[in-house]
Amino acid sequence: MDQSTKGEIRTPGFNTLAIHAGAQPDPTTGARVTPIYQTTSFVFDDVDHAAALFGLQTFGNIYSRITNPTCAVLEERVAALEGGTAALSVASGHAAQVVAFHTLLKPGDEFIASKKLYGGSINQFNHAFKNFGWNVVWADPDDIKTFESAVTPKTKAIFIESIANPGGVITDIEAVGNVARRAGVPLIVDNTLATPYLCKPFEHGADIVIHSATKFLGGHGNSIGGVIVDGGTFNWSREGRYPMLSEPRPEYSGIILHETFGNFAFAIACRVLGLRDIGPALSPFNAFLLLTGIETLPLRMQRHCDNALKVAEYLASHKQVAWVSYPGLKGDRYNQLAKRYVPKGSGAVFTFGLKGGYEAGIKLVSDVKLFSHLANIGDTRSLIIHPASTTHRQLSDAQKTQAGAGPDVVRLSIGLEDYEDIIADLEQGLVA
Ligand SMILES: *Cc1c(COP(=O)(O)O)cnc(C)c1O
């Protein structure tokens, strides 16, 4: 067909990008699925090519700690799905946070974080990050003024989750983004629970997106991984507050990363400084599994959300259940924010409270059969955990309640089984 009669070339839709972005048939073998490039290192064409690679004058592969062709497809795909300019894949969600903050902060600097976050991130910020001299200042996502008043001259970033783990909290991304812009710092959004299928933080003022790909992106509970996505929106050179990006790099013959790489300089800095020196590279095998998972992301996420809403409605009407925290429920305090930020569904991770308290919580996780009792989310399988007796057991009762993990709280991650079977399992568990 004559190309000129076909009109404009369509921008591929989300479903198409989930399957194709970043991938093409292998140039040497024709393999249609992205191969697992299970190799540590890559042969140089000649001495000049090697020199150009090491000097960042040309793109290419040197060593799989820094780049790998299987990981590169994953990076391009997640960047495309989020609408970012570039991405970097790393060994875990926590590694993504270390590498991203390492690019932004020097010892003595501060960042502001929502206090409603995944418990592992609260630990990482309170302990490991403090050892690096990176000081977290907590703010309340239900009161945006607390972000504003936490800003100091040392503030270098603001960090929130779009849908906060253990679920139920939707953050007003645009409002926090406005605080970040006034402060002249980037907004980092952990989009793990929403995924770009439900929410694209860059459309709401985020500058950087972080993922634990371990959860819904991979989606099958088989691989740990993380991704950093560069929105390409932030001016790293203004006021020289981000010297890794705005000052000459001696090891790369004096180039300035922001000047040379423009709107994907943050992703480059995370790779050629952070990943290079800290080292949490993603294995190409995990990248392969994560890529396979992402091909069905839109289908899975919609089913996760539809199932979760059914289960939340069932629990909300159960006489042994005191409360359900799921933003998709009418009347939930986050229902309006959910309609604005996650109109297709409120994700599949949420908490509810049992009238029978701690004992009832322990009993339910012991009596369910279809649900797996474990510490993960975002699997095809339905998962359950009683935080007070597991992930949050070392906290005081007051701390547990503050973290949304009081003695009566049960967390669910709703899978892709028939929702009737999921509900039947909870029903027999609650009766038992
Ligand atoms: C699990 C999780 C992380 C940490 O990711 P890992 O892959 O386990 O290191 C970060 N943020 C959120 C919201 C998570 O659920």
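Analyst: The shell around the ligand divides into 10 polar, 4 nonpolar and 3 charged residues. These values are computed from a predicted model. Of the 17 residues around the ligand, those that come nearest are G93, D190, S212, T214 and K215. Among the secondary-structure elements, helix α4, covering residues 93–104, gives the most to this shell, with 3 residues.

For G93, a backbone N or O atom lies 2.9 Å from an oxygen atom of the ligand. The side chain of N165 places an N or O atom 3.0 Å from an oxygen atom of the ligand. For S212, an N or O atom of the side chain is 2.8 Å from a ligand oxygen atom. Taken alone, the ligand exposes 380 Å², and the protein buries 93% of that area.

The strand pairing can be followed through β9, which spans residues 226–230. Strand β8, residues 208–212, pairs with β9 in the antiparallel sense over 5 bridges, and within this pairing I210 has I228 as its bridge partner. Strand β1, residues 86–90, also pairs with β9 in the antiparallel sense over 5 bridges; here S89 has V227 as its bridge partner.

Strand β9 itself is mostly covered, with 5 of its 5 residues buried. Both of its faces are covered: G226, I228 and D230 are buried on one side, and V227 and V229 are buried on the other.

Terms used: Residues are numbered from 1 along each chain as its sequence is written. This is a predicted model: local features need pLDDT of at least 70, side-chain atom pairs count only at pLDDT 80 or more; totals for chains, interfaces and linings use all residues. Side-chain values use heavy atoms; hydrogens and water are left out. A residue is near a molecule or strand if one of its heavy atoms lies within 4 Å of it. A polar contact is a pair of N or O atoms within 3.5 Å; within protein, one must be able to donate a hydrogen and the other to accept it, and residues adjacent in sequence count only if both atoms are side-chain atoms. Accessible areas come from the Shrake-Rupley method with a 1.4 Å probe; for residues, only the protein chains shown count as cover. Helices (H or I, at least four residues) and strands (E, at least two) are DSSP runs, numbered from the N terminus. Ala, Val, Leu, Ile, Met, Phe, Trp, Tyr, Cys and Pro count as nonpolar, Asp, Glu, Lys and Arg as charged, and the others, Gly among them, as polar. Buried means under 20% relative accessible area, exposed over 50%, partly exposed in between (1.4 Å probe, protein chains only). Two strands pair if DSSP finds at least two bridges between them.
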